[in-house]
Amino acid sequence: MITFEGVTKRYGDGTVAVDNLTLEVPTGAITVFVGPSGCGKTTSLRMINRMIDATEGRILLDEQDIRKIDPPTLRRGIGYVIQQSGLFPHRKIVDNVATVPYLLGWDKKKARARAMELLERVGLDPKLAGRYPFQLSGGQQQRVGVARALAADPPVLLMDEPFSAVDPVVRMSLQDELLRLQSDLRKTIVFVTHDIDEAIKLGDTVAVLRVGGHLAQIADPPTLLAEPADDFVEGFLGKDRGIRRLSFVPARGIKVRSEPGVEGWSVVLDEDDRPLGWRADGSGGTDGAGTAGAGAAEGRAVSADGAGRGDRAGGLHPFGTFELEKDSLRAALDAALLAPSGCAIAVDGDGRFAGVVTRDALDDALVRATGVGSGG
Ligand SMILES: Nc1ncnc2c1ncn2[C@@H]1O[C@H](COP(=O)(O)OP(=O)(O)OP(=O)(O)O)[C@@H](O)[C@H]1O
């Protein structure tokens with residue numbers, strides 16, 4: 001646990017970058033500092049590894065005042081990842097990743113073996129190990145930066161806008177990778193970003209800062225979306241709070257009907273019970289795919305995300321599915337909105353038909369999730 005107790009940072013020119021910050025960063029979870037430019041995010045982060053020292057207040061790492069730990073010792077237990085990766089340009093990738101193990105005096109073979117293991121762990125082809133940073137894409141460099149920070153297995157990881165310099169698609173995959181890694185590693189991570197969507201996606205806890213270095217609100221993402229503390233936080237969260245909140249409500253428990261159809265529409269399944277699409281009742285069906293349990297489909301292309309392209313010519317309409325045990329209510333709503341029947345198709349972990357969610361069932365689930373009209 002990292003604790004900020006009334007921490008203030010005043011720079012030499014009088015700028016108050018952080019003002020009386022008090023908060024807790026729980027062990028083994030991701031805490032995100034988010035806020036507009038100049039609100040003191042980076043200053044707050046760098047005070048944790050003493051790249052910057054606080055003017056007032058205390059920061060405790062597992063109940064020990066960090067001012068009592070000399071900076072090199074402190075930093076040995078704290079990985080640090082920055083924007084643009086900060087790799088050494090004249091060192092090969094493997095040696096960049098092995099930087100800290102080398103500093104700690106590991107023998108070269110062991111340090112390199114650790115580096116290779118980490119490259120694989122962050123999703124990089126080990127063949128890249130012999131290259132120099134300029135021979136890698138921006139996204140690959142960021143992965144190397146993460147691998148380097150993890151090399152000595154520090155319990156704490158500080159990440160300062162690590163994914164800001166890459167395009168949105170790469171950024172999303174880096175975020176997913178971080179979450180995957182974290183579900184394994186359970187590090188104490190402090191992550192700085194100015195992007196509220198990134199904060200909400202990654203944070204177990206999100207601290208919203210405002211200019212002047214004030215803490216505006218600290219909460220888990222669903223609470224933040226449901227109950228922003230003030231107009232500033234509400235404005236910073238942006239639009240569609242209600243819909244975004246549904247991402248945190250599990251679809252599990254929603255009422256499903258086991259018949260593969262609703263009035264006027266049938267779900268067409270392949271022989272393994274995987275949905276192929278919706279067909280309007282009475283529209284025939286010329287493609288050989290049967291409805292509900294009739295089997296005998298020749299197997300139609302269905303995209304990896306479960307959203308079929310549909311085939312109106314063959315009588316099949318586009319559809320969306322959601323995974324009953326894993327997806328959110330937002331995914332269920334999305335599946336319903338994509339379907340011509342207005343109903344969502346639920347599938348199990350193997351993509352097999354698990355039921356149909358009618359609009360009424362969806363409505364009930366939404367009422368339960370939001371509390372509106374639930375009668376208390
Ligand atoms: N060395 C310094 N001397 C004086 N003022 C500084 C110094 N470093 C930062 N500041 C000021 O402190 C405030 C907070 O800066 P900081 O970099 O912590 O903000 P930030 O939220 O990380 O911003 P950004 O998102 O733009 O990186 C800003 O007003 C900044 O100009």
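Reply: Start with one cut-off. A residue is buried if 20 or more other C-beta atoms lie within 10 Å of its own. In this predicted model, Lys41, Thr42, Thr43, Ser44, Leu45, Met47 and Ile48 of α1 are buried.

Me: Which residues come nearest to the ligand?

Reply: Tyr11, Ala17, Ser37, Thr42 and Thr43 do, out of the 13 residues around the ligand. To count as near, a residue needs its C-beta atom within 6 Å. Helix α1 gives the most to this shell, with 3 residues. The shell divides into 3 nonpolar, 8 polar and 2 charged residues.

Me: How do you know that β11 pairs with β12?

Reply: Pairing takes at least two bridges between two strands. β11 and β12 (residues 265-269) are joined by 2 bridges, so they meet the cut-off. They run antiparallel. Gly261 has Ser266 in β12 as its bridge partner.

Me: Why are β11 and β13 said to stand at the edges?

Reply: Look at the order. The open sheet has 3 strands, β11-β12-β13, with antiparallel pairing. β11 (261-262) and β13 (275-280) each have a single partner strand, so one side of each is left without a neighbour in the sheet.

How values were computed: Residues are numbered from 1 along each chain as its sequence is written. This is a predicted model: local features need pLDDT of at least 70, side-chain atom pairs count only at pLDDT 80 or more; totals for chains, interfaces and linings use all residues. A residue is buried if 20 or more other C-beta atoms lie within 10 Å of its own, exposed if 12 or fewer, and partly exposed in between; C-beta atoms are placed from the backbone. Helices (H or I, at least four residues) and strands (E, at least two) are DSSP runs, numbered from the N terminus. Ala, Val, Leu, Ile, Met, Phe, Trp, Tyr, Cys and Pro count as nonpolar, Asp, Glu, Lys and Arg as charged, and the others, Gly among them, as polar.
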